[in-house]
Amino acid sequence: MGSEALHVFLFPVMAQGHMIPTLDIARLLAARGLKSTVICTPLNAISISKTTERDRLSGLNINVQTIPFPAAEVGLQEGIESMDQVTSPEMVSKFISAIALLQQPFEQLLEEHRPDFVIAGMFLPWATESAAKFGILRIVFHGTSYFSLSVGESLNIYKPYEAISTDADQDSSFVIPGLPDKIEMTMSQLPNHYKDKGLVADRMEKLRESELNSYGVLVNSFYELEPAYAEHYRSILGRKAWHIGPVSLRNTNTLDKAQRGKESTIDQHYVLDWLNSKEPNSVLYVSFGSVSRVSNNQLLELAMGLESSGYPFIWVGFLPKGFEEKIKGRGLIIRDWAPQVLILDHQALGGFMTHCGWNSMLEAISAGVPMITWPMFAEQFYNEKFVTQVIKTGIQLGAKEYNLWVEAKDVSLLKKEKIATVVSQLMGDGEEAKEMRQRAKEMSELAKRSVVEGGSSYTGLTTFIEEMKLYAKK
């Protein structure tokens, strides 16, 4: 290659949970001397431009290329370019149709720039085929763990849920075969595409095929977190994969942490001052990610549960009417986008109530914060099992049903009494809570060690880059 830097295209799915870690990966690769080009749509480019600009000023070769998002062509309102703006099942299918229309302009960019390889999000199945047209490798980025990839693959191979009759109780459970641990699931926690054969199931099968035909998978995790599943995924399932996470640890200064994803809607100094006024390990952070929706009835139960637990908390989202006055001083409300990494890293944080999105969980693991799990959709029920049963740094709140964020399906209410009990269990001084905090702290140390020179993820990234260099030479 001579002095020519390897050039990588990174193309995330237009959803915050995918774009944020993809940008971190682009920055990690640029810091290792590669030329990183992030492909995204114009409005999404705005939210990442401050970070890429700072990196460029520090000497990194990182760029953004935009592709117009064809909202109007599929019947979506102009200005809708991200999954967190999608609010109904009809909008989901239109959004997916719009993503399919990005293939042709993406191929134009490939032809024009000829990158050495492409890292593309899992929901862009055509990226494998597009890259192959130009003799370019496609790497898949799922944005989840070895554990949940292994669970998904076992469900695909063994289909254990098929042994349960269709009219059986939704609480009927089955063991997921072939895994290093005994992991059970109920029918109600199973993602819809396994139960309802149709368009979504076909689409998921296409994603799987495109991954099998791709060169390999980048995993935002670290070996020490899930050694049995790293081995299982690569050796037993025979997948080419490299762990390079937690990628959020790329953000080391306050500004990077505060502006990760979007610029926060609250002044970071105000948040830090509020946290500084609290005792160590005393604050509960409550956030359900950028797309999850919770019913008004459930919000009310949650608010009352938090109030009666007596612990100070930070709540991201909207509170039920009239509630803000009641919790003045004890609760800090952040309406829209929170500087999550900054909050989790603060010593006052004692726990995190989460929807179990992998980014949030890995950020909590990196910060040494134990969790209260409240999964809703995607692979979140798998993630709950990982954190509560495998690494044991979390307590289940008791969410029972898989429920896609845009569906208005009624799910069982989690009652205020249960919420208050679980919050006190996690935040209190009981033996179980102390052990959980200790395990979380140890895991945090391992996470930090994995990304520095000589660590498992640092080495994983080196191995990956060397392999890409070899391929480019050929």
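Strands β1 (residues 7–11) and β2 (residues 35–40) pair in the parallel sense over 4 bridges. Helices (H or I, at least four residues) and strands (E, at least two) are DSSP runs, numbered from the N terminus, and two strands pair if DSSP finds at least two bridges between them. The model is predicted: local features need pLDDT of at least 70, side-chain atom pairs count only at pLDDT 80 or more, and totals for chains, interfaces and linings use all residues. Residues are numbered from 1 along each chain as its sequence is written, and side-chain values use heavy atoms, with hydrogens and water left out.

**The β1 strand and its sheet**

The bridge partner of F9 in β2 is T37. Together with helix α1 (residues 16–31), β1 and β2 form a right-handed β-α-β unit. Right-handed here means that, with the strands pointing away from the viewer, the path from the first strand over the helix to the second runs clockwise.

β1 also pairs with strand β4 (residues 117–121), again in the parallel sense and over 4 bridges. V8 has F117 of β4 as its bridge partner.

In β1, 5 of 5 residues are buried, where buried means under 20% relative accessible area, exposed over 50%, and partly exposed in between (1.4 Å probe, protein chains only). In a regular strand the side chains alternate between the two faces of the sheet. In β1, H7, F9 and F11 lie on one side and V8 and L10 on the other, and both faces are covered.

The open sheet has 7 strands in the order β3-β2-β1-β4-β5-β8-β9, with parallel pairing. Its edge strands, β3 (62–66) and β9 (241–243), each pair on one side only. Neighbouring strands are turned by 25 degrees against each other on average, direction ignored; axes are lines fitted to C-alpha atoms, for helices over the stretch in contact, and angles run from 0 to 180 degrees between N-to-C directions. Strand β5 (residues 137–141) runs parallel to β8 (residues 216–219) and is joined to β8 by 3 bridges. In that pair F141 stands opposite L218.

**Helices α4 and α5**

Helix α5 lies across β1, β4 and β5, running at about 160 degrees to β5. Helices α4 (residues 103–113) and α5 (residues 126–133) pack at an angle of about 35 degrees, with their axes 10 Å apart. The contact (heavy atoms within 4.5 Å) involves Q103, F106, E107 and L110 of α4 and W126, A127, E129, S130, A131 and K133 of α5. These residues divide into 5 nonpolar, 2 polar and 3 charged. Ala, Val, Leu, Ile, Met, Phe, Trp, Tyr, Cys and Pro count as nonpolar, Asp, Glu, Lys and Arg as charged, and the others, Gly among them, as polar.

**Backbone exceptions**

Most residues other than glycine have a negative phi, and most peptide bonds are trans. A cis peptide bond joins G245 and P246, with omega about 0 degrees. P246 lies in the loop between β9 and α10 (254–258). Two residues other than glycine with a positive phi are listed below.
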